Structure formats: C-alpha cells, structure tokens
Amino acid sequence: MPSSTPAPEPSRAHPPLNPPSPGALTVAVAQPVCAPAGRPDTVSENVALHAEAVREAGTRLVVFPELSLTGYDLAAPAVAPADARLAPLVAACAATGAVALVGAPVAEADGRESIATLAVTGEGAEVVYRKMRLHGAEVERFSPGEKPVVLELDGLRLGLAVCADAADPAHAEETAALDIDAYVASTLYGPGPAQAERRDGHVRDRAAAHGVWCVLATCAGATGEYPDSSGGSGVWAPGGELVVQAGTDPGELVRAELPRR
C-alpha cells in the first residue's frame, strides 16, 4: 500500500504504452462507463468496469473520477474500504502491480461522512484523502476533509484533490507547499464547450503556477444524478502544456509518464 499523510459498453482499446523511461512513473487517467445509480448492483458493476480499465491500462497508477464507484449520486450509501465488492478491483491491481485511485462516499467512525479518494492495491483498499472544498448540496450530507494530503508512490509525491478542490487556487497552493511532484485530481465537469474550457483552464493554471505535473481524471457521459458530463481526462506537464487528453466518450483512458526528480 502506498503511504499517505493524512451490460455496459466495453472500454475502448488503446495501444500499449511504450517501454517506460528509466525512473518514470506510468500513469493512466480513466473515465469509465458508469453504471446507473441507485441499484443494488451499481457498485459491483462499476468495480468490474474499474478492474477492466486497470488491466487495460497496464500502468503503475490509474486515476478515476470523483465518486467513481457509485457515480455522482449524493444519496448513495457509503462504501467501506473492506467492502467485499471491491475484490475484483483488488485482484486486477494485484495482477498488474497497479495502484488505483477511486472515488466513493465513506463513513467515519464518529458517524461523519466524506467524499473520498481510496487507494486500491493488490493488498486491499484504504481511504487516502477526503474532499476539502464541498460544493452545493454536498454540504447537506458530507463533512470536509481537514488538510491537504500527499500520497508517496515510487519516489514521487502526489498531491490529491477532488473536484471543487482543484477549482480553488488556494487548495493547489496549500498542497504544492508540501513539496509535491504532481497534483492529481478526480473531478466532474458538465458537458459543453464552456465547461471544457473551465476544466482545462483549472489544471493548466495549477501546472503553470506551481511547476508540477497535473493529472486529471474526470467523468464522461452519465454519472449518478448527471445525464452527461465533459470527459477530457488528461495529463499536463509542469508549466501547463497538455501532454495527452481523452475525448468526450465514456470508456476512454489515456496514458503518460511522470519522470522522477
């Protein structure tokens, strides 16, 4: 486990990543098809789609969108890291040596609930980050995370963000102050050119302002309460140059390399 400081459509085939450069961390950003919300098998179907994406990616790190295991359904029950439904994803990570960052609502021991990022490996799952900047109706159910978090993976320091976190320059500034190599955001943006411009502007500006890689996994197509969303998951280099970006279709994933310092 990396250390941290506090009948759907098939996915598209993509060419394999070239042999990684020495010392580089291979990363994929996925925008999987999302199972319809509110059904008994919603999480299980999404887990199967996540596992398929991890196996297809063939990378060390695979990043998924906000609330990816349930879809953006603010009424979805919390998912425990030890939930047996996660077993196929744990198995996919074990088979590929991957770490998958997935999104779900989680419950705390004191009864509070959070919008969280879970890190899944071949050993299991754990909560590694809780969304700090809640948005809209989220505040009616969820409590905000208390502080920025860095996930250390293979010598790289990954600062984590969930959706509205990445839209707030102060969050990136607080996270970058922890000496990060990359700012990794799991998000949801609505469809259309204006939202696409807003999405790309957020991550481009964070990469330029802090001189770090920016990794964005965002929803595509329907997700929970949203009938459509933007797609456009991608990776931006330090300085803000776009390296690779998916299109608008659900089921796409793209890959990149993040060199170690």
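Helices (H or I, at least four residues) and strands (E, at least two) are taken here as DSSP runs, numbered from the N terminus. The model is a predicted one, so local features need pLDDT of at least 70 and side-chain atom pairs count only at pLDDT 80 or more, while totals for chains, interfaces and linings use all residues. Residues are numbered from 1 along each chain as its sequence is written, and side-chain values use heavy atoms, with hydrogens and water left out.

With a relative accessibility of 1%, L101 counts as buried; buried means under 20% relative accessible area, exposed over 50%, and partly exposed in between (1.4 Å probe, protein chains only). Contact, here and below, means heavy atoms within 4.5 Å. Setting aside residues up to four places away in sequence, L101 touches L61, V62, V63, F64, T117, L118, A119, L151, L160 and V184. E140, by contrast, sits 39 residues from L101 in sequence and 25 Å from it in space, C-alpha to C-alpha.

T70 belongs to the loop between β3 (61–63) and α2. Not counting residues up to four places away in sequence, its contacts are A37, T42, V43, N46, A76, P77, V79, G103 and P105.

Next come the paired helices. Two packed helices are described by the angle between their axes and the distance between the axes. For helix α1 (residues 42–57) and helix α2 (residues 87–96), the axes come within 8 Å and cross at roughly 5°. (Axes are lines fitted to C-alpha atoms, for helices over the stretch in contact, and angles run from 0 to 180 degrees between N-to-C directions.) That crossing makes α1 roughly parallel to α2, given that angles under 35 degrees count as roughly parallel, over 145 as roughly antiparallel, 65 to 115 as roughly perpendicular and the rest as oblique. On the α1 side the contact is made by V47, H50, A51, V54 and R55, and on the α2 side by P88, L89, A91, A92, C93, A95 and T96. These residues divide into nine nonpolar, two polar and one charged, where Ala, Val, Leu, Ile, Met, Phe, Trp, Tyr, Cys and Pro count as nonpolar, Asp, Glu, Lys and Arg as charged, and the others, Gly among them, as polar.

Helix α5 (residues 193–210) has 18 residues and spans 26 Å from its first C-alpha to its last, close to the 26 Å expected (1.5 Å times one less than its number of residues). Its buried residues are R199, D200, G201, H202, V203, R206 and A207. The cover over them includes α3 (164–167), α4 (169–176), β9 (182–187), β10 (213–218), β11 (234–236) and β12 (242–245). Q195, also in α5, is partly exposed at 26% relative accessibility. Leaving aside neighbours within four places in sequence, Q195 is in contact with Y189 and G190. After α5 comes G211, with a positive phi near 60°.

As for the cysteines, a search of the whole structure turns up zero disulfides, a disulfide being a pair of cysteine sulfur atoms within 2.5 Å. For C34, the nearest cysteine sulfur is that of C219, 6.9 Å away. C34 is buried, with a relative accessible area of 17%. C214 is in no disulfide either, and the nearest cysteine sulfur, that of C163, is 15 Å away. C214 is buried too, at 0% relative accessibility.
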